[in-house]
Structure formats: structure tokens, C-alpha cells
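Please examine the structure shown below. The questions that follow concern helix packing, chain contacts and local backbone geometry.

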Amino acid sequence: MIEGIPMTHVLIVSAFMFFAGICGFIIRRNMITILMSIELILNAVNINLVVFNKYLYPDQLQGQFFALFVVGIAAAEASVAIALIINIYRRLNSINVEQVNEMKY
Amino acid sequence: MALNVLMFYILSAVIVIFSVLTITSRRILRAAFYLLCVLVATAGFYFMVDYQFMAGVQLVLYAGGIVVLIIFSILLTSHISHKFAKPEAMRLVMGLIVGVSGFALSTIAILQFAFKETENAAIKVDMQAIGTQLLGTGKNGYALPFEVISVLLLAAMIGAIVVAKKGK
Amino acid sequence: MNYSYTILILLIPIAAFLFNGLLGMKFKPIVSGLVGTIGLGIVFLLSWYTAWQYFFVGGMVDGEFPKIIAMSMDWLQFTDKLTIRMGIMLDPISVMMLVVVSSVSFMVHIYSLGYMKGEKGFERFYSFLSLFSFSMLGLVVATNIFQMYVFWELVGISSFLLIGFYYQKPSAVAASKKAFIVTRFADLGFLIGILLLSFFTQTFDFTTLTGADHSIFESGAAKSFMGMSVFTWACLLIFMGGAGKSAMFPFHIWLPDAMEGPTPVSALIHAATMVVAGVFLVARMFPVFFFQAPDALEVIAYVGGFTSLFAAIIACTQYDIKRVLAFSTLSQIGYMILALGVSGYEGHEGVGYMASMFHLFTHAFFKALLFLGAGAIIHAVHSNVMQDMGGLRKYMPITHITFLIACLTISGVPFLSAFFSKDEILVAAFHHNKLLFAVEYLVAGITAFYMFRLYFSIFWGKDTQYHHTPHEAPKVMTIPLMILAIGSIFAGYVPFAKLITADGRPFESHIDFAIAIPSVLIGLVGIGLAMLMYRKETHIPERISIALGGFYKTVYNKFYIDEIYLFITKKIIFNYISRPVAWFDRHIVDGTMNGIGWITLTSAKKIKGLQSGYLPQYGMVFALAAVVFVLIFAFLVR
């Protein structure tokens, strides 16, 4: 079902998503929003992996497998991150990333 | 215009719009919802390239698991009605500079690069092929990374429980 | 002969020093006093035993006294050729010095038990005394010039510590600093001399340096610098070190001030032992001086002669009894140095060398006696100044008698010890240099005069009313006085010409009455003058001082030498050398270092802002850097 869809367009969409994630990471202060930005970034990478696999190397499955592993890692990351956020919230009563800066200097 | 092409551009539009909304929304629960939309649209894209298993994983794990986890944590830590303050101008500008310049750079790179397809015949992607390769130990076998990921997930699970546990 | 026990002579004092220094305050003060005294007593006995064994049991080998290395060990080994050894060498002068140092030190140890009783820092005093004894004994038995230098400096530091014993007193602190700096400055010359000498001869060992084989000097003999041979320079520089320790002109300025220390210290260090280290040094190196640098020896003779006259004149005008004694010490050491300077080497030619050692020996006894007597007087009167004294003979009979003996001795009255030694010096001077001989005659008279001026002012003169009646010193102080008085009387009967000579071979010496009788007469004239002026309270001294006017004032102020030094250091060196150097150090050197520190600190302060602990900022920097790098390496640099 990919006839007529140029690969570059898909890549551009994923690049957009990736940099939207980075923008969010920089701009937002809420930790959960930052976490969501990271999910966007990972997702963009996943799209790239799948697209390269499908368009360039349809004789193999590497891209797909790596995408699967990234999903697994994203799940692990999300669970740990949320545990951390909950812990921080309990201590500081805030999940504003600007208040979690005790490890400066 | 072929239907699949139209379908692709609709999905692309959804991804672009909701990505932007995710990072700009000043209500956190809505942001989570927009993220869900992006992830679901991505899953639709996977269906388009005929990777059903991948799409299934995307839906179940990402859209189902992670977003639900995020929403739970939002409910634990934030007030639903709470609306964020607008980001500082300085940070906004910096973020936009990084984002826009990076995006521009990537786009130029993508458009300039001559991608070269393989000449080998495509293989059929079905559950059997995926299963054999994922648990295979020979050529194209992914048993070892698979096991590593499983250990990582276990560790993350224990770690998350320990970290989030209420203090003594 | 087995002399290995001599190591104990060094080990016991250092052990006493460590014990008193580290543990002294844990016990009653008397414990450290006894430890030091008993230790020194053992050393005293050992030294006399060594002397007996060396001179009378071991005796001469092939007609001369051998140099015996009793012990030697490698201390620092730098290369195969450059090794510094520590050891014990026994030869006539070192054995003689062992006897002198240990005897006087032992007497002073006993005496101090009484003199320092109840002083704060009693155990500190004893530990320093032990340290000094150790250093001095190590100095005299040194096997090589480097060991001598090490102990030389140790002696210097113990002298510094003891002069500054009353460290709450600013004048004592200043005096100790002065002594240290002046001698240290002279030691710089000593060090350079050592380096020069060893560089050209390739050895530190005294045995090699003073041996009969002169081939080691060949390599350097041809070289010269500013018209003098290398060895003349080396010897002069070494003598500079000796002059510093022995307070020869122009390094004499520290010795009178050193009298700020406790009186027993003055007796031990600044009269009998340490200040003769310079004499000992020249005597030790005598063959080098005599064969390689006769010019240097000439200089030495004149320095000695000048100092003896110069100090004797000043001594006549001083009122502080300890200072009078200090100047008299200078004068007597001048004699010894002069005797060395005019000495020959072989047989009767070497009478000057023998006379110098002889005078060193006798001087140690009567000068220690004078100082200890002065200590007893100060102890009784609580003042150093002559005007506060007078008529003391009634109150302190023992001190009086012993002091009188010492004064008679130093004045060269016949058949007391200094008569013999002084006579030998005069004989030596007569044969070598008539001018110096005449000077020494004059000095003999002046010496007698100022010693009896001192004696009459203290024990006779006016009947001073004292706040509380002076009393005779306790037994523990008077017994050393008596022992030393006996020493002063009989030390002259030791047959020095048979024992201690320049070439190690004995010769016949006899009293030259043609020289001795006039010198005795001159001495008696001095005594008579002093008696006339000071026995009863008269106005003669005042009238004389007024008649002499400016000259008297100059002499009273010690010829303004201290002021000249101060002028040179403060006005010239400080202003024109030290200031610019200090400015350079403070602004350029320190400035550079501070600048580096400042730059580091400031940049660190600026940079640490980056480490904000604020996650999105890190992310932004990371992403921006990635973008920039991609821009540079993927597009611009193709």
C-alpha cells in the first residue's frame, strides 16, 4: 500500500515529529510533558526505522525488530520516569523541573 | 490521487498537528490525549506499510500502556483543571530556534540524500517469520537482544516499584 | 686499639636531648637536669678515657700521632664517587677538643642545676644544652668536611636556640636572630669554600686533604680567579665561615649581643667551645692552608691580630660585665687565630699551631670560669652592670677567689696556665712578623688592664648598698668554679708540644724568657693601672674618658660597627636591592601566579552557571550543539 508515497515525505513527517519533541523538551517545565516529548522523539525514530526497512531493505526485518526493542525500552523508561516523578512529587510537592536542580554546581 | 496516498497525507496531517498540540497545550490531560492521537496515527501508518504486528504493538504498548501510565501519573500529581503558565519568551525562542533549524537541516539532508534500495526480493512479513527471527539464534536471530530487553524490563519494573514506594 | 666506644660520646647527648625534648615536661624539672648532667658526666669520663688511651696507650706510630677513623658509615650516597660519610676521627686536636668540650659542658651542666633552678623551661634548657653538646662533639670528631659542615650548622642552631632562651624578651630574640643571621651569612662563604675545595680535589675527607700526598691539588693549583689561586679562594671562604663562628672582625658583632642568653650558655658556647670552632676549623685544615694557600694564612694572621687589639680596646670601656667578657673572648680568639696564621708546619716551625691549640685549651678553662663566676655574681646581684656592684669580696669569698685566679691567668701571670700558652703565641709571632708581635704585646697589657678593671669594680671599689645582701652561690655552682679554677692553674703544665703539633710529630719547646719577661711586665703594668684607678673609688677613669673625648665615645660605641652594618643593610641593601626584589616578587612573580589563580576562579565562576542542574537547558545545549555540528560537518565542511 505504499505505491505513490515518496519515502522522503514520510521521513519529513518523522523529522517534524522528532523536532517537535525536542522543542517540547526545551520549552515545557512540567515533567510529565517532558516525558511526553520524549515519547514523541522515540516514536519519530521508530517511524524512521520502519520506513527504512520497508522502502530500502524489504528483504529483511531488522528495522522492525529495532523498532520493537525501542518500544520495549520506551516502556521501561516511561515506567521508571513516572516512578521518579511520583517520588519527586511526594518530596517537593511539585513536578516543575526548575525546582529539581539540587545537583547543580 | 490514490486512496492510500490520500490516507497517508491525512495521517501525516494528524501527526503534525497533534505533535504541535502535544507540546503547546497548556492543559496536561489534553496534551496526553493529543499524544495518544499521534501514537494512534503512527500505528495507522504502520498498517499502511503492511506491518501489522508492529502496528499492534504500537497500539497495545504505546497507545494502550504508556499513555495510560502517563495519564495515571497525571492524575496522581496534577489537578485536572490546572492550566500551565505560558512558557517564558526566552525559552520559547531558544526552543523554536533549535527545533526549526534542526528540522530544516534534516529536511535538506533528507531531500539531498540519494537513498538506494536493495535489489533483493522482498520477503513476506507474517507472524511466523517474525516469531522465528525474534527467537532464533542463527542468522538474523534476535534471541539475545530479546532476552536483554526482557531483563531490562524486569529491572525497570523492580526499580520503578522501589522508587515509587512510599518512604519508610 | 679499639675505639668503637667513642660512638657513645655522640649517642648519649643526642639521647638526652631527645629524652628531655620529648618527655622532659612529663617529669619534674630536676629529672631532666639530672638526665642531662649524668649523660654528660658519662661523656666526660669517656672523653678523658679516650684521651688517655689515644695519647698514652695507643701513642705514636712511626714517630707521629696517627689519624684514627674510629667509625665511618655512608650517610648519603649520590654517585659512586660522591659519597658523604659520617664518622668519628681521632687525632690529637679532635681528642683534645673532646676533652675540652666535654669537661666544660659537664661543668656547665652541673652549674646550671643551681643557676637555672626554678626557671621556666628548665627541661628545654637542658635539652638544648644536650643538643649543643652533641653537635659540638660531632663537629670536632668529623671525618670529613661535609660532616663538619652539618654539625657546624647544628651548633649554629643550638646557639640560636640558647641565646633566644628567654624568648619573651625582645632583646634576646633580636640577639638570637642577629647571631644566627651573621653566622649563617659567614657560613655561606664556608659552603662555597667547601664546594670549591671538593670540586678541585674530588674529596671531602680530612685524611686525604691533610695527608702527605699533595697530588690531589694539582688539578686546581694552576687555575686562578682575580689574581688568586683557586685554593686561596677556597681557604679564604672557609676561613670566612670560621670567622663567622669565631666572631672575628668583621663578623664579631653577634657575640656581645649573644650575652642575652643565660650565663651558663655564654660560658659554654660563647666562650669556651663554639666560638673556638673557627680556630678548630683552621687547625683542622691547617696543612691545606699552609701548603696550598699561604696568602690566606697571612690574611688570617692579620685578622686575628686586628681583632684581638680591636676587641681589647672596646673591652676597656664596657660596663656590662658579660660584655666585657665577650670582648675579652674575641680578643683571646684573635690570639689563637693569629697564632695559627703565623705558624709553620714542621718541627719547631709549627710552634704557632701548637700555641694556638694550647691557648684554646687553657682559654676554655679560665674563660668558662670567668663566665660562670660572672653568672654567680649576676645570680647574687641581679644585675649585669658594673656600677651596681662593688665590694662583693666580703659576700662571695669562693667566687672572689676563683674569679681572681681566672683574672690572673688571663693576664698572663707566670706559672698560671695562660702564661705558657700566651708565651708560645708570642714566640711564634716574634719569629714570623714583628708588627703582629708588637700588637700582641700591647694587647697583653690591655687585657690585664680591663680584666682587673672588671675585677676591682666588682669585688673592690665602692661599697654599694644592696637591696638585699648578696650571698654566696650554692655548692652546685661553686664546685664547678673550683674545679675550673684548678684547671686554669694547672692546664698550662700539659706538655702540648709533645702531644699536639701541626705535623703530628713532637718537638722540644721551652719558655723563651726574653719574650716572656717583658710580656709579664706589661701585664703587671696593666694590673697596676687598673688597681690605681679602680681599687678605690676615684675620679681618674672619668677624667681619662673626658680627656679622650670623641675617641672614648667611639670606642664605647664599639667603633660604630653595628651602626655601619645597620646602615649598610637597612639603608643600602634593603632600599636598593631588597625593595626592588620584593616589588618584583610581589607584583610580577606573585602577580603572575595570582593572575592564573584569578583567571581560573573567575572563569570557573562564569562556567558554573552552565551547570544549573536544570534539565531542559542541558537538553537544549545538547540539541543545539548537535545541530551545529551537523551543520558544520555535513554541510559546510564537505
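Q: How are helix 17 of chain C and helix 20 of chain C oriented to each other?
A: This is a predicted model, in which local features need pLDDT of at least 70, side-chain atom pairs count only at pLDDT 80 or more, and totals for chains, interfaces and linings use all residues. Residues are numbered from 1 along each chain as its sequence is written, while chains are lettered from A and ligands numbered from 1 in the order in which they are written. Helix 17 (residues 397–410) of chain C packs against helix 20 (residues 475–490) of chain C at about 25 degrees, with the axes 10 Å apart. Angles under 35 degrees count as roughly parallel, over 145 as roughly antiparallel, 65 to 115 as roughly perpendicular and the rest as oblique, and helix 17 of chain C and helix 20 of chain C are therefore roughly parallel.

Q: Which classes of residue form the contact of helix 17 of chain C with helix 20 of chain C?
A: Helix 17 of chain C contributes residues including I398(C), I405(C) and A406(C), and helix 20 of chain C contributes residues including L481(C), M482(C) and I489(C); contact requires C-beta atoms, placed from the backbone, within 7 Å. Ala, Val, Leu, Ile, Met, Phe, Trp, Tyr, Cys and Pro count as nonpolar, Asp, Glu, Lys and Arg as charged, and the others, Gly among them, as polar. By class, the contact of helix 17 of chain C with helix 20 of chain C has 7 nonpolar, 5 polar and no charged residues.

Q: What is the makeup of the side of chain C that touches chain B?
A: The contact draws 6 residues from chain B and 7 residues from chain C. On the side of chain C that touches chain B, the residues divide into no polar, no charged and 7 nonpolar.

Q: Are helix 1 of chain A and helix 2 of chain A roughly parallel or roughly antiparallel?
A: Helix 1 (residues 7–27) of chain A and helix 2 (residues 31–56) of chain A have axes that come within 8 Å and cross at roughly 165 degrees. Axes are lines fitted to C-alpha atoms, for helices over the stretch in contact, and angles run from 0 to 180 degrees between N-to-C directions. Helix 1 of chain A and helix 2 of chain A are therefore roughly antiparallel.

Q: How many nonpolar residues are in the contact of helix 1 of chain A with helix 2 of chain A?
A: Among the residues that meet are V10(A), L11(A) and F18(A) from helix 1 of chain A, and I34(A), I41(A) and Y55(A) from helix 2 of chain A. By class, this contact has no charged residues, 7 polar and 16 nonpolar.

Q: In what order do the elements of chain A run?
A: Chain A has 3 helices and 0 strands, where helices (H or I, at least four residues) and strands (E, at least two) are DSSP runs, numbered from the N terminus. From the N terminus on, the order is α-α-α.

Q: Is N93(A) buried or exposed?
A: N93(A) lies in the segment after helix 3 (62–92) of chain A, and its phi is near 60 degrees, a positive value in a residue other than glycine. A residue is buried if 20 or more other C-beta atoms (placed from the backbone) lie within 10 Å of its own, exposed if 12 or fewer, and partly exposed in between. With 9 other C-beta atoms within 10 Å, N93(A) is exposed.

Q: Where does P250(C) lie?
A: The peptide bond from F249(C) to P250(C) is cis, with omega near 0 degrees. P250(C) is in the loop between helix 9 (230–246) and helix 10 (254–257) of chain C.

Methods: Contact = placed C-beta atoms within 7 Å.
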